[in-house]
Amino acid sequence: MKRLAALLLAVAGAAAQAQGSMRPQLDDAQAARLRVEDWLQGWQPQPLDPRAWTPDFIVAADGSGTHRTLQAALDALPREGRRHYIRLKPGSYREQVCLRDKVPLTLYGDPGAVIVAGHYNAQPKPAGQAINTCTPHQEGASYGTAGSASAMLFGDDLQLADLTIANDAMDAVRLGQGYPAGAGEAGGAQAVALLARGDRIQLQRLRLLGHQDTFYAAGSGRIHVSDSLIAGDVDFIFGDARLVIARSEILSRAGRRAPGEGGHVLAPSTPPGQVHGFLIIDSRLRAEPGVGAGRISLGRAWDHGVAHGAWQAGISPNGQALIRDSELGPHLAPWSRSTSRRPFDAAQNRMAEYRNRAAPRDWGREILALDEGWAAAEGGTTGGAAAAPADVYRVRSRAELEAALAAGQRPKIIYLLARIDLSSDAAGRPLGYEDYRDPGFDFEAYLRAYDPAVWGRKPPEGPLEEARQRSVRAQAQRVVLRIPSNTTLVGAAPGAGFANGMLLLDKVDNIILRGLQFADAYDFFPAWDPLDGAAGEWNSEYDTVALRGATHVWIDHCSFDDGARTDRQARVALGRPLQHHDGLLDITQQSDLVTVSWNHFSRHDKTSLIGGSDRHTGDAGRLRVSLHRNFWEALMERTPRVRYGQVHLYNNLFVARSDGDYPYGYSIGIGLASRIVSERNVWETPAEIPAARLARVLKGQVFSDRDSLHNDRPLDLGAALRAAGAELGGDVGWQPRLHGPLDPVESVAARVRAGAGAAIIQHN
């Protein structure tokens with residue numbers, strides 16, 4: 001081992017001298033001796049598949065499992081025996097957890113399972129009080145770095161899969177609220193998400209989120225991470241373990257540190273006699289918007305316990321790291337001096353690279369910025385960014401798309417290269433009314449049977465209505481496409497998207513839709529409801545995109561419209577126009593944590609519904625949605641209509657028309673129990689449309705608007721509504737904090753026109 005350690009030093013030194021830089025590069029022969037198997041030394045981690053497991057314990061905060069908290073389940077594990085399995089049901093578990101001296105464990109989560117706490121290094125605590133059994137000898141008056149960890153997992157043969165583990169202690173700093181007591185740029189802000197110590201620890205499909213010191217890989221054991229996201233800003237992957245990170249996303253975060261302050265990715269503290277420290281392979285090192293070029297070093301040696309100037313070769317820790325076969329973003333700078341301030345010197349430092357490449361812009365690998373709207377809360381939204389190469393697809397047909405979606409909950413990226421007609425057969429033949437119609441359904445007979453003059457004002461029932469419903473089911477079976485969790489779906493060619501059907505996000509988590517064109521979700525068999533309004537209404541079934549019980553969804557740079565079949569072309573039946581289109585984007589049935597950005601909505605009636613009914617009281621506390629920089633053009637209403645939700649509308653452009661197929665009704669629907677905050681939005685309308693028509697009060701009681709414009713004039717929409725007689729309070733009871741800088745309202749119209757819609761992605 002000493003000879004191999006000397007070889008590493010010699011290799012790094014020779015490479016650095018040859019290149020005259022602080023970024024030593026290995027040659028092929030040298031790299032052949034530094035492979036994953038050299039780190040793992042006979043251990044071969046296998047793919048983790050929750051479908052093969054039967055949980056011993058199920059953790060559910062609502063009481064539907066064996067335990068309400070993860071710590072209670074960990075405490076219930078035996079100390080000896082076979083491997084045990086713990087499953088976390090969806091939800092945020094705000095607790096600091098500790099595992100120590102237990103049986104081998106597999107801990108895994110359903111989509112939306114988040115472990116989170118908010119402790120940090122300098123946070124005061126009573127002196128001498130143990131934090132938990134993982135840190136029993138905590139003598140200091142603060143938590144310390146190790147003691148800040150949201151999850152402390154000590155043991156051999158541990159497996160973690162499909163979880164988010166976060167430390168949000170410094171999140172408020174990004175939002176301008178300042179550092180908490182004792183923390184600042186000079187220190188004290190270390191806040192660990194996961195501390196793992198042991199041998200043969202396998203982490204797969206995780207999201208580890210923090211800022212400084214996110215992931216602490218402790219001890220000298222072997223830890224293998226794959227298909228995961230690790231996010232932070234300073235030393236956010238650190239420790240003395242033999243750590244391999246493969247096929248993962250390593251994200252440098254913006255926004256916390258003062259202007260001019262940089263950061264570091266890796267901080268290994270490898271003991272001097274230990275050959276292997278950190279290996280990053282087949283991964284992507286990227287940055288959030290706002291991280292400047294060359295601002296973040298690849299890493300620095302963590303000279304653990306060594307005072308400034310006291311480092312000694314062969315005695316002190318000497319971090320070892322290799323980044324190879326990976327994509328590196330422009331935010332990265334060379335290796336930096338160590339924590340004890342010794343300059344980077346390839347004759348001493350054990351850090352190098354091999355066969356890395358510059359990272360091109362990849363819309364499929366990009367994730368939602370971690371403060372960009374409600375979808376950034378409670379673990380954030382990454383879609384399929386951590387997809388393994390085998391789960392990256394380029395598809396041109398429905399059959400290819402369905403094969404890609406069959407990957408299920410595994411992270412997956414799907415680049416769509418064509419327009420898919422969801423109402424067509426396997427040969428591509430368009431399907432219509434007669435293809436879906438049940439033999440027992442006759443529309444003219446339906447009209448005669450359920451004419452209110454004959455049937456009265458009661459819901460239709462009987463053989464004709466049953467035949468209509470069978471027809472509906474036949475159409476739905478073909479035109480509804482379900483999207484599974486952990487998916488990024490990107491339009492990657494001009495015109496790529498979907499027509500004549502609906503994308504359904506039903507009880508799923510972590511979805512990104514970008515650069516897609518959606519058109520004409522046409523219902524051939526609308527339902528007659530004689531109790532809807534004074535004269536009854538026809539109601540259709542399909543939205544172009546529907547969220548039902550979906551969480552962590554980001555919809556970005558898409559285009560939505562009715563296509564060629566406008567509502568004005570439909571006939572009048574039973575005294576009302578037939579309605580063949582429902583919404584363009586509806587967010588209902590307790591969906592939550594959604595960001596809708598840079599989209600173009602046009603030529604439609606009932607555009608976007610957030611909250612499906614006044615009767616859906618379970619939506620209270622959910623439906624948290626951010627909508628920013630969207631272009632709402634030539635629409636009749638619901639942009640959006642909101643019930644129950646905490647909705648942030650900012651920097652949107654609304655352009656109304658009084659004529660054409662879609663004459664303007666209103667923009668914002670202030671529905672029951674809604675709490676809408678509107679900021680710096682712009683309306684361009686015909687002169688005859690007054691400000692009070694820009695919103696409609698639909699049982700809502702509060703609404704806030706500030707710094708908006710209507711036809712180039714300053715607008716307080718809430719004040720305009722109250723002046724027109726609305727009984728509407730201005731205190732909505734919450735303040736948006738998850739957002740980047742708002743654009744000046746004067747620049748909104750030009751910026752949104754230039755940047756919204758699918759073509760921006762598809763033409764790049």
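Predicted model: local features only at pLDDT ≥ 70, side-chain atom pairs only at ≥ 80, totals over all residues.
Helix 13 spans residues 745-755, helices (H or I, at least four residues) and strands (E, at least two) being DSSP runs numbered from the N terminus. Its buried residues are Val745, Val748, Ala749, Val752 and Gly755, where buried means under 20% relative accessible area, exposed over 50%, and partly exposed in between, with a 1.4 Å probe and protein chains only. Just after helix 13, Gly757 adopts a positive phi of about 105°.

A buried side is likewise found in helix 7 (residues 398-405), where Arg398, Leu401, Ala404 and Leu405 are buried. Their directions cover an arc of only 120° around the axis, which places them on the same side of helix 7, while Ala399 and Ala403 are exposed on the other side. An α-helix has 3.6 residues a turn, so residues three or four places apart point the same way.

An open sheet of eight strands was identified, with the order 29-32-37-42-45-48-51-54 and parallel pairing; two strands are taken to pair if DSSP finds at least two bridges between them. Strand 29 (480-482) and strand 54 (695-698) stand at the edges and have a single partner strand each, so one side of each is left without a neighbour in the sheet. Strand 51 (residues 668-671) runs parallel to strand 54 and is joined to it by four bridges, and Leu698 in strand 54 is the bridge partner of Gly671.

Several loops show backbone features of note. Ala673, in the loop between strand 51 and strand 52 (675-679), has a positive phi of about 60° although it is not a glycine, and its relative accessibility of 39% makes it partly exposed. Asp101, in the loop between strand 4 (97-99) and strand 5 (105-109), is also not a glycine and has a positive phi of about 60°; at 48% relative accessibility, Asp101 counts as partly exposed. A cis peptide bond, with omega of about -5°, joins Thr639 and Pro640, and Pro640 is placed in the loop between strand 47 (631-637) and strand 48 (641-642).

A search of the whole structure finds four cavities of 30 Å³ or more, a cavity being a set of points, on a 1 Å grid over the protein atoms alone, where a 1.4 Å probe fits but cannot get out, and lining residues having an atom within 4 Å of a point. The largest cavity has a volume of about 220 Å³, volume being the space filled by probe spheres set on the points, which are joined across faces, edges and corners. Of the 24 residues that line the largest cavity, Asp162, Arg205, Arg207, Asn486 and Asn510 are the closest to its centre. Strand 8 (159-167), strand 10 (201-209) and strand 33 (509-514) are the elements that give two or more residues to this lining.

Definitions and conventions
Residues numbered from 1 in each chain as written. Heavy atoms only, no water. Arc of directions from axis to C-beta. 1 Å grid on protein atoms, 1.4 Å probe; cavity = no way out; pocket = protein on both sides within 12 Å on 5 of 7 lines; lining within 4 Å.
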